[in-house]
Amino acid sequence: MTTYWERMPPLRETGRRRPSRGVGIAVTVVTLVVLGLLVLAGFALWAYADHDRIELIDRPDVVAAVDAGCTRLRAGLAASPVDVGSPASVRAAAIAAQDEAIRAFVAEVRRLDPVARADDLPVDDWLADWESLAVARDDVADALRRGGRASLVVPRDGGEPITRRMDAVGVACVDLSRLVRRT
């Protein structure tokens, strides 16, 4: 009895040669290069996902200090509301009290380690913007004390109101539009 395999005709030579050793080396090199590029891309993606975004306040110790300061700032602002219907002298006193709360907030955040603040780039500029806003509000309070009409002129930097830049750092400390409007 013959089996199926025994009845099969013998395999013919196809005339193909065995690949040369150079082709095997080339395939190996290309494979290693592709794997290397994939590893590099993985590291680059990880580094990008873990990088410090320079436009945001995002260093954990700085964010913690800013958040704590913002809580106290909100309380200080709420303790001295500016009622636009009240007499000018009362409004001036409320604005001055709020500005002191702003200055206390700035001083508190500035007590952070200077290296930590410098590592989170927008912090010092953001604090300077808070100080500029307080100075502009002081001008309003002074005008009200003198009996004049006053309106807040929001300081600008590069043609843009500093409040826009203050909102862009990723920290929602207070509603700046209300702080500016209520003077």
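**Helix packing and voids**

Mentor: Helix 3 and helix 4 are roughly antiparallel to each other (angle over 145 degrees). The model is predicted: local features need pLDDT of at least 70, side-chain atom pairs 80 or more, while totals for chains, interfaces and linings use all residues. Numbering starts from 1 along each chain as its sequence is written, and side-chain values use heavy atoms, without hydrogens and water.

Trainee: At what angle do the axes of helix 3 and helix 4 cross?
Mentor: Helix 3 covers residues 60-79 and helix 4 covers residues 88-110. Helices are DSSP runs (H or I, at least four residues), numbered from the N terminus. Their axes (lines fitted to C-alpha atoms over the stretch in contact; angles 0 to 180 degrees between N-to-C directions) come within 9 Å and cross at roughly 170°.

Trainee: How many residues of that contact of helix 3 with helix 4 are nonpolar?
Mentor: Contact means heavy atoms within 4.5 Å. Helix 3 brings A65, V66, A68, G69, C70, R72, L73, G76 and L77, and helix 4 brings Q98, A101, I102, F105, E108 and V109. Two of the residues are charged (Asp, Glu, Lys, Arg), three are polar (the others, Gly among them), and the nonpolar ones (Ala, Val, Leu, Ile, Met, Phe, Trp, Tyr, Cys, Pro) number ten.

Trainee: How are helix 4 and helix 6 oriented to each other, roughly parallel or roughly antiparallel?
Mentor: Their axes lie 9 Å apart, at an angle of about 165°. The contact has 18 nonpolar, one polar and nine charged residues. The two helices are therefore roughly antiparallel.

Trainee: Which elements give two or more residues to the lining of the largest cavity?
Mentor: A cavity is a set of 1 Å grid points where a 1.4 Å probe fits but cannot get out; lining residues have an atom within 4 Å of a point. The elements are helix 6 (122-145) and helix 7 (162-167).

Trainee: What is the class make-up of that cavity lining?
Mentor: The classes are eight nonpolar, no polar and one charged.

Trainee: Which helix gives the most to the lining of the largest pocket?
Mentor: A pocket is an open set with protein on both sides within 12 Å along at least five of seven lines. The largest has a volume of about 300 Å³. Eleven residues line it, with L77, A78, Q98, R178 and L179 nearest its centre. Three lining residues come from the top contributor, helix 3.

Trainee: How many charged residues does the lining of the largest pocket have?
Mentor: Helix 3 and helix 8 (176-181) each supply at least two lining residues. Six of the lining residues are nonpolar and one is polar. The charged count is four.

Definitions and conventions
Angles under 35 degrees count as roughly parallel, over 145 as roughly antiparallel, 65 to 115 as roughly perpendicular and the rest as oblique. Grid points are joined across faces, edges and corners, and a volume is the space filled by probe spheres set on the points.
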